[in-house]
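Visitor: Can you walk me through this one? I would like to start with the pocket.
Guide: Fine, here it is.

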Amino acid sequence: MKTNYFKNSAKKLAFIFTLTYCSLGFSQTFTWNGGGADNNFSTAGNWVGGIGPGFGTGVEDIIFDGTGTKNCDFDADVNVNKLSINAGYTGVVDAKATNSTFAGVFTLAAGTFISSSNTLIFGGNLTKTGGTFTDNSGDVEIDIGSGTTITISGAFTFYDMHVKDATPLTAALRTLDFSASSTVTNDLFLAGGTRPFAYKGTISLSNQLDIQGSNTSVPAGNTGIFNFNGASATIVGASAAGRNKLGNITINTTGAVALSGHISLVGTWLNTNISSFTTGTSTTNFYTSSALITSGNTSSTRAYFDNINIQTGATLNVTAGSFIDINGNFARTTTGVFAVNTGLLMFTGSGAHIVSGATGVTTMNAIEKSGTGSLSFSNATNLTDSIRITGGAVTITNVTLKSTSALKARIAEISGTGSISGSVKVETYIPGGTTDWAVLGGSGVSGLTFNSWYPTIPMAIEGSATGVTSAGGKYFESVQGWTESTSQYDTTILVTTAITKGVGYWLYVGTALGVTGAITTTVTGTPVSGAQSLPVTSAGAGANKGSCLLANPYASPISWDKIVANNAGLTDGSIYIYNADLGLTTSYAGGVSVPGGAGSATTTIPMGQGFYVNALGAGNLAIAESDKVAYNTSADPLLKNTATAAAIGNVIRLNLAGGGYTDGTAIRFHGSATTAFDNNLDATKYWDSPGYIGYPGVWTARTTISTKSLNKDYSINSLPYATLGNVIIPVLVKVYASGSHTITPVGLNNLAAGTCATLKDKVTGTIHDLFTGPYVFNINDTTAAPRFELTICGNIVAGVNNVNTVAENVLIKQDKNGVYVDLSFEKNTKAIISASNILGQEIMITKNVECVSDRVYLNLSAKEQIVVIKVITPDKNYAQKFFVSQN
């Protein structure tokens, strides 16, 4: 940027005279006709009437209108009021290397104007509707008078532009409107001074923006957009915050971005493209409640800053999903607000990063820490989603991981050279619903006791002010552990007992009897990080032998599938989580959840969640940072989580409902399954929980459904594919109260096409085709043995479907008279009908019929089995499996 503006006081006085003289209306008009012997501006013969402006006194209006089309050269500095190059002029007006001034309007409609290679000063509007404006690598100075607006209309391309305040030097607002089409290819210099400036419209910048001045006001109408859309973007800011504020900045460059000094913004910082960022010490200051950062989420589209400061009274908003890369610090001044958002702050520098705020709480969505620098928080900071650390040391003190029904903040995977220390507050949202038992852990921090939960969760616990007496005056231990060596509940816990990381505990959770509101606990401690080893043992007794009660050790959800893969042979691969709203223990194994749907255990174990595993021996369950999952939303709330897994086989379910209770069991057909218990595919049935008020001990009275095999009760029963015969599976239903209950099949479409599925009620003798819908029955609460048998037929020929349209003209059905075939042909047709069992043995005498339409009863003696019925015509062969019932 050249600096030869107003080289001497005489020129300054001339410009003052020009503005004053013109404002009084004393101006002359000169029209170019090119009649002189040369092309010089100063030659009188080149002007109509033979009288030229000379080099002007600043009051002349100069017109090129085609009266003469000869080129015009500025042979010395020109100082005029207006310059108009109108339609009809086809020549070139060349300002050469002069330092010229146009105090009034500049208009270009035709011809060519070549700007000065030194300084060209404009004091009025610039309008281009045609012609060519050629910049000669000089300085264009825009001098804006007090209380006035200069507008640049049309597609001008400038090399350097210097925007400054013209005399008189009063404090009134100066406005520069760029309109929409002009470009500065080298340096736009906003001088500012002590006067307020407002910028409107859009100016395209190819290289550099310099911001100077000392005025700290927020001018009205300051909505301009400084759009870097060239090969680089350099912003040289002011010497202090708040000076010469800009409206909006857009970074859309193919090259590098570099920032320095203080950049103050009242509108939007938009980043759409960048090649690289040159780090420095700049600070970008945001003002007003409409401040906004909008960017993408890749290295070339995210927004880059050295330091960010949200100034007093301002609110910095972030467009959803924006990534913001910060080389230095993030600060709020006094009442500055960082609005709730879904963006990501990336601290990537090699120096120390500090998140600070003068007062109140800073709320952030997500943080990613990389690079070698450290990160600390000097004031209270709420995190609503996550912090991920891949490099550098993070001191988490002053941070609270917030938890709501929609989102649970977490400490995501810590990898590379990243580390974490300090003391963190962790909230855990426990949904409302049924007041009942929950299985909880320490929410990912160490150094806790049960006193950490006592203020929030009502407890009847030894050593506390309430003791072990319930509200009704009865003995009740509302906090119990689990002793693996004896498979018994531990009722010796005190309020001062330490909560061991990675260990689960039974807590009776509720704000009232019956139905509870949501509870949010807050605990404070050192975050658990790095590899964790959770002891397990196959000791114990009875049905619960090998049952170990663990808890997610991290302040983040984890994947059970990942843990199983890294601990082969240590457990049977299943997990179990009690759900209060269902009143039972849910299970998960190999991608299948039971009872299925909301509230079932899944591969994702939420932060603070306790769970059972079945150990196959003694050892340590290894859990790593890489076992953390990359999400934590309302899809995975504590105690009520849902998920799916791939390659799980063909799964059908029997769901039980009655008396206000529900449960479910799953039967999976899988290529790796056997008829014995299959690790990583099967899950046993958990019946019990600690007792209730007035009913100490173990509680097992629940409404449940399970399958049984080799004296083992299954919640998930995985079996090999049935290909040669029927699969008969005992089904056990237990109910809390006698009465009417319903078994509903789910997922029958997961079976091979045509496969049959029936449920036999051994009490009533009824065989129910599950393809026809649910089965309703009455049952006593004393039932303890399998009452039902589920039969799945082998997949031979095309399968079984008792709504049997074999083809549009062959229909197989059964009524009280037996199994029959309805035939319907377009013409008289011969048909041969036969039937065999699933071993291929004929079970009836072949029938030969000839008809257009007929109903043929088969007189089958076979009952309660699968048969294959064939119909052969001269044109086609039909075959269909059919289940013959007792009817």
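Guide: The lining of the largest pocket has 13 nonpolar, seven polar and three charged residues. Here Ala, Val, Leu, Ile, Met, Phe, Trp, Tyr, Cys and Pro count as nonpolar, Asp, Glu, Lys and Arg as charged, and the others, Gly among them, as polar.

Visitor: What kind of model is this?
Guide: This is a predicted model, where local features need pLDDT of at least 70, side-chain atom pairs count only at pLDDT 80 or more, and totals for chains, interfaces and linings use all residues. Residues are numbered from 1 along each chain as its sequence is written, and side-chain values use heavy atoms, with hydrogens and water left out.

Visitor: Back to the pocket. Which residues lie nearest its centre?
Guide: Thr435, Asp436, Tyr661, Tyr692 and Trp699, out of 23 lining residues. A pocket is an open set of points on a 1 Å grid over the protein atoms alone, where a 1.4 Å probe fits, with protein on both sides within 12 Å along at least five of seven lines; lining residues have an atom within 4 Å of a point.

Visitor: And what volume does the largest pocket have?
Guide: About 450 Å³. That is the space filled by probe spheres set on the points, with grid points joined across faces, edges and corners.

Visitor: Which strands supply at least two residues of the lining?
Guide: Strand S64 (661-669) and strand S67 (695-699) each do. Strands are DSSP runs of E with at least two residues, helices are runs of H or I with at least four, and both are numbered from the N terminus.

Visitor: How many helices and strands are in the chain?
Guide: Two helices and 81 strands.

Visitor: What about its overall dimensions?
Guide: The C-alpha atoms fill a box of roughly 130 × 90 × 40 Å along the principal axes. The radius of gyration is 42 Å, while a compact globule of 887 residues would have one near 29 Å. The radius is taken over C-alpha atoms, and the globule rule is 2.2 Å times the number of residues to the power 0.38.

Visitor: How much of the chain counts as buried?
Guide: 54% of the 887 residues. Buried means under 20% relative accessible area, exposed over 50%, and partly exposed in between, using a 1.4 Å probe and protein chains only.

Visitor: Is Asn717 buried or exposed?
Guide: Asn717 counts as buried because its relative accessibility is 2%. Asn717 is in strand S69 (residues 712-719). Beyond its neighbours within four places in sequence, Asn717 is in contact (heavy atoms within 4.5 Å) with residues including Ala666, Asp682 and Ile729.

Visitor: And Val852?
Guide: Val852 lies in strand S79 (residues 847-857). Val852 is partly exposed because its relative accessible area is 40%. From Val340, 512 residues away in sequence, Val852 is 75 Å apart in space, C-alpha to C-alpha.

Visitor: What is phi for Ser179?
Guide: Near 55 degrees, a positive value in a residue other than glycine. Ser179 is in the loop between strand S16 (174-177) and strand S17 (182-190). Thr288 has a positive phi too, about 70 degrees, and lies in the loop between strand S28 (283-286) and strand S29 (291-294).
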